[in-house]
Amino acid sequence: MPSKESILSKIKANRPNLWPLPDVPIFETLATDKKTLFIQILERGGSKVHCIDDSTQIHQVITTHFPEDKRMISTLPTLEGIEGITTLHPDFYEGTEVAIIEGLIGVAENGALWVTENELGNVRVLPFIAQHLVMVISEKNIVGTMHEAYKILGLPTTAGFGVFIAGPSKTADIEQSLVIGAQGARSLLVILTP
Amino acid sequence: MKVGLFIPCYMDQFYPQAAIATYKLLLKLGCDVEYPEGQTCCGQPLANAGNEAASRGSYLHFVTMFEKYDYIVAPSGSCVYHVRHHFDTLDQTDAVKKVRAKTLDLTEFLLDVLQISSLPAKYPHKVGLHQSCHGLRGLHLATSSELVNKPSASKLHELLSMVEGLTLVELDRKDECCGFGGTFSVKEPAISVKMGKDRIKDHFSKGAEVITAGDMSCLMHLEGIISRQNIPIKVIHIAEILNADGI
Amino acid sequence: MMPHAQKAAIFNKDEARTDWHDASLWMVRKKRDFAVSEIPEWEFLREFASDIKMHTLSKLDDYLEAFEKAAIQNGAIVHWAADAKEHNDIVLSILNKHQAKKMVKSKSMLTEECHLNEFLELHNIEVIDSDLGERIIQMLDEPPSHIVLPAIHLKKEEIGELFHRELHTEKGATDPQYLTEAARHHLREKFHTAQVALTGVNFGIAETGEVVVCTNEGNADMGVHLTPVQIHSMGIEKLIPRRSDLAVFTRLLARSATGQPVTVFTSHHRNPKPAGEMHIILVDNGRTEQLGKPDFRSSLKCIRCGACMNTCPIYRRSGGHSYETTIPGPIGSILTPGIDLKKHGQLPFASTLCGSCTDVCPVKIDIHTQLYKWRQIVSEAGLPEGGNKTMMSIMGSGLASPSFFHRLGNIGRKLLRIFPGKERFLSFTVWTKDRDLPKAPVESFREWYAKQAKDAK
């Protein structure tokens, strides 16, 4: 018997009686100010947060944080003068110093930002391969908890890849000492727009 | 209300003073308490060693001995836990069900049944409280440190707070296991002793003169290490503190 | 196989190191306590997670079929593996199809369980574990000692020495930042040159056919997105019904594992990248059998957070290798006896049944109750760990007989009065190696009570 059939028939023979599937409520955060909590949790996790009044200031914020002569890749439609996506070949993006992308949803309770391949110009590796990552998100898109986030996300439609990013890549595999910058981005700068 | 006193086997033989204190305390609080002399063991040692089936006889004997009492009180959360949670291998007759439901740890009995709010006890010492695991996580005599946002009431704390002159020390690890674990203590002696040493160190370094607990078995293990290493700290069952008159 | 107790005794010979190991893991437990204290609904989340998992197990066949259907629709290729061998053969066949000789792998306890690395190396495939901790132990040719912190048993000096040898870092360098940087450069090259990437799976979503992979380093994503072929090896119990259920599990997982509010990366893979290929291997390897054991099936709820290891006072003082299983610690001790009772039957005894594992478990597996139940099975099977059955049965009768019981107790106490102190006799030798026996009193409670009753008359 092919393994699929044998596995399924073993399950049928061995599974317990039907256990009801619970309806999980949308737990909300108790924090009154989601934006403050979001910033606080991000900073606790080693990210930097920069709030701006106007999205025209994004470019300026980036240049204050990173030297302009380094290779930058942006998938933001509004960011002029910075290289965009030119090929889908992932290895091409090795050597990217800074990647600038948009976050769709920010989660206050854990500082995670949701992004799909649509915001990555279909270059899924971009936020991981870059030495530094900048994510731009509107404070209107901050929700309290993961329950609220998944409620908004619903089921995937177009994107074949989506990821919550909650900070720079990190590890504590050597004696539990926290090291920021393991295999992925060495820093995360979150730019909060109105 | 007729109370049957159950004294774990090793307490009967090695720690009679803790059993006497339990008995006297119950008398002092006006209980009609009796020690049925035919009692043996709750069966836990064999069952925890994997021989539940061999324990059946002692389970049935326990039920026969104690079914006539309104409450069965034991100064041992561990034995009580065993009766309440592991006697399910017996046919659940009315007698079995009654005995299981009415078997209480001394601290539960004092607070939940007698509902005492004060005690005529005096014990002017610095005390470290060891939360014995079966009482803690099995009988929920306190909220374990793993659980969140539940009221952290601890029956042993509540009772000790009624004792005049007693100061409790704050521990680094308020409810880590002492390493006794019945058969574990002889099957895994290296870790068992290491766990005991670490517990004692926590209490001793916080200035405790005495370690107390609701289970004498934990204390027997700790005392064995304390004595071997000549550490100036004592162990005493909580019943002895609750029955203490100040000396 | 050396008994756990013996391995633990060896581990404990270096007391300073035992203290260090214990303190490292206790720190993780403390971080977990702080992280969960910020979530008022924590206990409800545990309950929901447990119910969602139990529900999934009760309809696992339906959900697996739904998952497969959705995944195929997404463009993934789905394989079914009855056991470790079939799993490994499938991986090899995918590698062969692409003439691949180099594979990067992110952390996957399942492939450890299947001994995939050894198998592929026999077939001349270079496998590179890309999680830093995994890479360290791979270089040392050791198994992980913890499911989340695979190199937690190693000191930075030892890692520094290893990296000096393997990655040519400076001799004597031990700074974790410096060593991590060296590994980063080493692994970057591997990500770019491997043809295939394999990951484990934290959650499979039945309704969408997605696989969700959680990491902190970003290594799984580096591999998956840089190589043309991605493989996701997934135990069949990793399934959850709905995408929204991820809210519950992502809230529980990292907080329980490391005390972080969420892993840095929670990646949802639904379809292959442009011109890429995506394989999902659904693996049984004993899981359906565990499902058939009513007392033990709830162990399949496990989400591999490792919290039971961090909290376990025995694990912390004996190290993961003392268990000689892929998954060590309390959860391993209830999962592995079902796979090989003779080999792992001793592990349910490597516990005081303190219950901390049960209370810390984010999916409410009653681990210590299952340890107790495994002990009964081990003993029933007549394995030595369960004790001599005839002796136990005689003891049992003795314990049910008041006269025998009282005589035995009195003899014990009186012997202790004759030989007080530290001498070694009877079966007390083990006890008395580092512990004294209690001082035997003149009379037992029973004798005292009888006198009282007599005096009262």
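This is a predicted model: local features need pLDDT of at least 70, side-chain atom pairs count only at pLDDT 80 or more; totals for chains, interfaces and linings use all residues.
Visitor: What makes α4(B) and α20(C) roughly parallel to each other?

Guide: Helix α4 (residues 52-66) of chain B and helix α20 (residues 389-399) of chain C pack at an angle of about 10°. Angles under 35 degrees count as roughly parallel, and α4(B) and α20(C) are therefore roughly parallel to each other. Their axes are 7 Å apart.

Visitor: Which residues of α4(B) and α20(C) meet?

Guide: From α4(B) come Ala54(B), Ser55(B), Gly57(B) and Ser58(B). They meet Met392(C), Ser393(C), Met395(C), Gly396(C), Ser397(C) and Leu399(C) in α20(C). This contact of α4(B) with α20(C) has four nonpolar residues, six polar and no charged.

Visitor: How many residues does the contact take from chain B and from chain C?

Guide: Chain B gives 60 residues and chain C gives 62 residues. On the side of chain B that touches chain C, helices that each supply at least two residues include α2 (16-28), α4 and α11 (189-205). The largest share, seven residues, comes from α12(B). That side of chain B divides into 27 nonpolar, 21 polar and twelve charged residues.

Visitor: How do you know what confidence chain C has?

Guide: Chain C averages a pLDDT of 94, and 98% of the residues score at least 70. Over residues 422-426 of chain C, however, the pLDDT is below 50. Beyond near neighbours in sequence, that stretch has five contacts in the model. The model scores ipTM 0.98 and pTM 0.96.

Definitions and conventions:
Residues are numbered from 1 along each chain as its sequence is written. Chains are lettered from A and ligands numbered from 1 in the order in which they are written. pLDDT is the predictor's confidence in each residue, from 0 to 100. Two residues are in contact if their C-beta atoms, placed from the backbone, lie within 7 Å. Axes are lines fitted to C-alpha atoms, for helices over the stretch in contact, and angles run from 0 to 180 degrees between N-to-C directions. Helices (H or I, at least four residues) and strands (E, at least two) are DSSP runs, numbered from the N terminus. Angles under 35 degrees count as roughly parallel, over 145 as roughly antiparallel, 65 to 115 as roughly perpendicular and the rest as oblique. Ala, Val, Leu, Ile, Met, Phe, Trp, Tyr, Cys and Pro count as nonpolar, Asp, Glu, Lys and Arg as charged, and the others, Gly among them, as polar.
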